[in-house]
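Dear colleague,

I am handing over the structure below, which you have not worked with before. Please look through it first, and then read the notes that follow.

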Amino acid sequence: MARLPYADPERLPPAAREALEAIPQLGVFRMMANAETAFRPWLRWGGVLLGDLELDPLLRELAILRVSRLTPHAEYEWVQHVPIARSVGAREEQVAALERDDVDADCFSDDQRTVLRFTTEVVQDARASDPTFEAAKALLSARELIELMMVIGQYMMLARVMATTELDLDEPLDPRG
């Protein structure tokens with residue numbers, strides 16, 4: 001059982017209630033709706049990160065799964081994003097490698113390993129080392145690199161909300177709609 005109550009749509013201001021009613025009824029949304037004035041802008045932000053980046057969607061999802069594995073008690077994020085990762089091209093052996101924290105597995109391309117190392121260092125140390133940063137900079141444009149850091153930051157924040165509130169697990173959404 002979650003450590004905080006989920007937002008009651010009947011008690012939300014109209015704009016937050018309408019936003020909540022227009023999206024899938026997942027616990028993460030119902031929890032985040034407690035931040036009534038930040039909820040709609042946060043939904044827009046999340047939508048941009050999931051649908052309007054130059055960053056390759058597969059690299060995005062591998063980074064999200066890596067953030068989830070590096071954050072204790074962030075199973076919710078893992079459960080929701082494994083199907084999304086698969087829908088954008090992640091292979092079963094890649095998901096399994098991430099689950100066992102093997103970012104150097106042969107199933108990843110060199111580019112994917114670079115993104116996974118970058119993500120690991122940013123999550124664990126708040127910054128990528130010079131060699132990892134240079135490798136990422138050689139791979140990604142400045143825009144893509146900033147987008148990657150935005151994704152990492154967003155999912156670090158969400159993982160911490162999920163872990164701290166002990167968010168109840170939901171069945172994963174079908175990423176195909």
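Where is the place of Ala126? Ala126 sits in the loop that runs between α7 and α8 (130-139). Please keep in mind throughout that this is a predicted model. The phi angle of Ala126 is near 70°, which is a positive value in a residue other than glycine. Most residues other than glycine have a negative phi. Ala126 counts as exposed, because its relative accessibility is 68%. Asp101 also has a positive phi, near 65°, and is likewise not a glycine; its place is the loop between α6 (92-99) and α7. With a relative accessibility of 39%, Asp101 counts as partly exposed.

If the neighbours within four places in sequence are set aside, Phe118 is in contact with Ala128, Thr132, Phe133, Ala136, Leu145, Leu148, Met149 and Ile152.

Glu77, in helix α5 (residues 75-87), is buried and yet has no salt bridge, and the nearest side chain of opposite charge, that of Arg160, is 7.2 Å away. A salt bridge would need a side-chain nitrogen within 4 Å of a carboxyl oxygen. Leaving out neighbours within four places in sequence, the residues in contact with Glu77 are Ile64, Val67, Ser68, Tyr155, Leu158, Ala159 and Met162. Helix α5 also holds Ser87, which counts as partly exposed at 42% relative accessibility. Although Ser87 and Leu58 are 29 residues apart in sequence, their C-alpha atoms are 8.8 Å apart in space.

As for salt bridges, a search of the whole structure finds 13 of them. One of these joins the side chains of Arg60 and Glu61, at 2.9 Å from N to O, and both Arg60 and Glu61 are buried. Another joins Arg91 and Glu93, at 2.8 Å from N to O; here Arg91 counts as partly exposed at 36% relative accessibility, and Glu93 counts as partly exposed at 39%. The side chains of Lys137 and Glu134 meet in a further salt bridge, at 3.7 Å from N to O. Because Lys137 and Glu134 are 3 residues apart in helix α8, about one helical turn separates them. Lys137 is partly exposed at 46% relative accessibility, and Glu134 is partly exposed at 42%. There is also a network, in which salt bridges that share partners join Glu54, Arg143 and Glu147.

Met150 is placed in helix α9 and, at 35% relative accessibility, counts as partly exposed.

Note on methods: Residues are numbered from 1 along each chain as its sequence is written. This is a predicted model: local features need pLDDT of at least 70, side-chain atom pairs count only at pLDDT 80 or more; totals for chains, interfaces and linings use all residues. Side-chain values use heavy atoms; hydrogens and water are left out. Contact means heavy atoms within 4.5 Å. Helices (H or I, at least four residues) and strands (E, at least two) are DSSP runs, numbered from the N terminus. Buried means under 20% relative accessible area, exposed over 50%, partly exposed in between (1.4 Å probe, protein chains only). Lys and Arg count as positive and Asp and Glu as negative; His and the chain ends are not counted.
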